[in-house]
Amino acid sequence: MESKIKQFWEFFEKESFFILENLKYGIVPKSKFELLDYLLQNIHPKLQALVNRPPNGEAHFVFLTKGRLGLKRIITELLERAPENEYWLFKMGLSPWSGEFHDFNKHYKFFGPDIHVYDIYFDIYKTYPSTGKSNLHIHVEKNKPLPKYFINDSMRAFLLYYLGDQLFFKKILYLKIVQRKPRHINFVHISELKTLLEFSWVT
């Protein structure tokens, strides 16, 4: 595993400035990220990482633990071998958003730069006792119509960054997008989801 970790960091050091400069202009260098993913999965097939740009402007390269002890051990080894880099902070796990929903929504444009999201609501319509994971109805109030598949993909990214990787991977299984808000579904504002999932975890 040591040689694979070395290979990952050598590639990251070579491409990190190029990746960061592209991200500044809203360009995702897909081929570079695909190769980074490939090198990570050579280390362990469940390893994933993402880039986070919090409001303070820092560039975080985050290794996702998914709440799994085995991944945390591997990530610890990765971080111990991380090179010195003035442009990036390397982190274990994506922490939940601690601020207000509207500040989160203003900073992260998961639905696109021209889409204004007014509010998001959820309903837990099924929970699996064997895993503790849940299926959610999701309703997004926005200024423009979007196809369901796009909303679904955008909401999975939204929830990952909003809940943090541990809660997201441990508690969320399936999203069902509801374009209209029917009365028979007991929708709750998305800001309540983290507390509800954390409560269900300990109980």
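Is D114 buried, exposed or partly exposed? In this predicted model, D114 has a relative accessibility of 46% and therefore counts as partly exposed, since that class covers values between 20% and 50%.

The side chain of D114 takes part in a salt bridge with K144, whose closest N and O atoms are 3.1 Å apart. K144 sits in the loop between β5 (133–142) and α5 (148–163), while D114 belongs to the loop between α4 (101–107) and β4, so the pair ties together parts that are 30 residues apart in sequence. K144 is likewise partly exposed, at a relative accessible area of 36%.

Five salt bridges are present in the structure. One of them joins K32 to E15, with 3.2 Å between the closest N and O atoms. This pair links distant parts of the chain, 17 residues apart: K32 lies in helix α2 (residues 30–43) and E15 in helix α1 (residues 2–24). E15 is buried, with a relative accessible area of 10%, whereas K32 is partly exposed at 21%.

E198 has 34% relative accessibility and K194 has 23%. A network of salt bridges also connects E2, E77 and R81.

The surface carries a nonpolar patch as well, formed by Y125, L173 and Y174, which together have about 280 Å² of accessible area. Of these residues, Y125 is placed in strand β4 (residues 117–128) and is partly exposed, with a relative accessible area of 32%.

Technical notes. Residues numbered from 1 in each chain as written. Predicted model: local features only at pLDDT ≥ 70, side-chain atom pairs only at ≥ 80, totals over all residues. Heavy atoms only, no water. Patch = residues over 30% accessible without salt bridge, like charges linked within 9 Å, V, L, I, M, F, W, Y side chains within 5 Å. Areas by Shrake-Rupley, 256 points an atom, 1.4 Å probe, with all protein chains shown as cover. Salt bridge = Lys/Arg side-chain N within 4 Å of Asp/Glu carboxyl O. Helix = DSSP H or I, 4+ residues; strand = E, 2+ residues; numbered from the N terminus. Buried < 20%, exposed > 50% of the residue type's maximum accessible area, 1.4 Å probe, protein only.
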